[in-house]
Amino acid sequence: MVIDRLKVGVAFNTYEPFIYRKERVSEDSLAKVAEVVCETLNQAGLEATLIPLQRSMFNFLRRIKELDAEVIVNLCEGFFGKPQWESNVAAVMEVLHIPFTGNGSRTLALCQDKHQAKAILSSFNLPVAPSQLITSADEMVDLRFPLIVKPNSEDASLGVHPESVVYDREALAAQVKRVIETYSQPALVEEFIDGREFNVAVLENEEIKALPVSEIDFSAMPEGYPRICSYEAKWYPDHILYQATPPICPAPIDDELREKLQTLAITAFKVMGCRDYARVDFRMNNKGEIFILEVNPNPDISLDAGYARALKAAGIDYAEFWIMMIQNALKRKITDASTNGKR
Ligand SMILES: Nc1ncnc2c1ncn2[C@@H]1O[C@H](COP(=O)(O)OP(=O)(O)O)[C@@H](O)[C@H]1O
Ligand SMILES: [Mg+2]
């Protein structure tokens, strides 16, 4: 496949204020990632151009057309301040036959709804933590404390803070109320798995393979804080919780655990209908039981985030990775035209 001088659009959504969302670091960080990806592709001999998705979908599509882009590197994580519209952006490109990298709209939509995604994983006998979807603070919860309360359809630890881990009914009701009111959506209340956290990056390139496992090292977590990757821990480099949650890749684990995590990650990838790339997050309790927290079909792909770290540990160059993804997208274009493609 000839990719030299291939016209590539690097699409990303920009920050747009939305009713309930004040947080904007993830969009600001996405704009920087898009620049890096664009630069990487240009250095590799492709003709890449940034295509920001702002308020108007029409302008975005016009830009793709004007540039005559042959493929889109789709970094969009939402639209108009709504992460829940991430899948709609992919769906628009699908119906317009615009080839793009990364997961399709169906998988993006399924994984965005944590409760539904867990139901699918569990129907395939994959281990997930017991949980309940709650729509009002006075609803009864039949789960064992401690619990964690999170918005059901957000990403990037949005709405997850140290106080999200609760030890009694009073705190539970307060957190459920906060999540429902702040994020205008149901709260997912889940049993808190106090233990190690692992991430497994999965890559599809002819075959589907798991990259080296990464672990979040909670050993420096200050006294009194739950061991979680909260919003503060993910987004504020100067924050004590950020500094107390360094990732280690490859994780210091034995072969048996590594193989178990990688096999589960590949199965979860397939079950959710993923393609190209995704990251599967796990927790393990002190009995060694493993639970899938979630499948991220559009993980943070910046150079300093987990996926790129796993690529590096696997000896795969960032440019090489993007070229593989572009080739996958172009191959799908051919398959879709001839078979009305199933994914
Ligand atoms: N059931 C749980 N047990 C322990 N920690 C959890 C649990 N659910 C979430 N967390 C912590 O909260 C973080 C964010 O939760 P996650 O479900 O991955 O949401 P997001 O989509 O925002 O990343 C996780 O990385 C983990 O540290
Ligand atoms: Mg997560």
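Colleague: Which residues do ring pairs link into a cluster?

Modeller: This is a predicted model, in which local features need pLDDT of at least 70, side-chain atom pairs count only at pLDDT 80 or more, and totals for chains, interfaces and linings use all residues. Side-chain values use heavy atoms, without hydrogens and water. Rings of Phe, Tyr and Trp (its six-membered ring) pair if their centres lie within 6.5 Å; planes under 30 degrees apart are stacked, over 60 edge-to-face and the rest tilted. The cluster linked by ring pairs consists of Tyr277, Tyr307, Tyr318, Phe321 and Trp322.

Colleague: Are Phe79 and Phe80 buried or partly exposed?

Modeller: Buried means under 20% relative accessible area, exposed over 50%, and partly exposed in between (1.4 Å probe, protein chains only). The rings of Phe79 and Phe80 have centres 5.9 Å apart and planes at 80°, so this pair is edge-to-face. With 14% relative accessibility Phe79 is buried, while Phe80, at 26%, is partly exposed.

Colleague: How far from the ring centre of Trp85 is the charged end of Lys82?

Modeller: A charge sits over a ring if NZ of Lys or CZ of Arg is within 6 Å of the ring centre and within 35 degrees of the ring normal. The charged end of Lys82 sits over the ring of Trp85, and its distance from the centre is 4.3 Å.

Conventions:
Residues numbered from 1 in each chain as written. Chains lettered and ligands numbered in written order.
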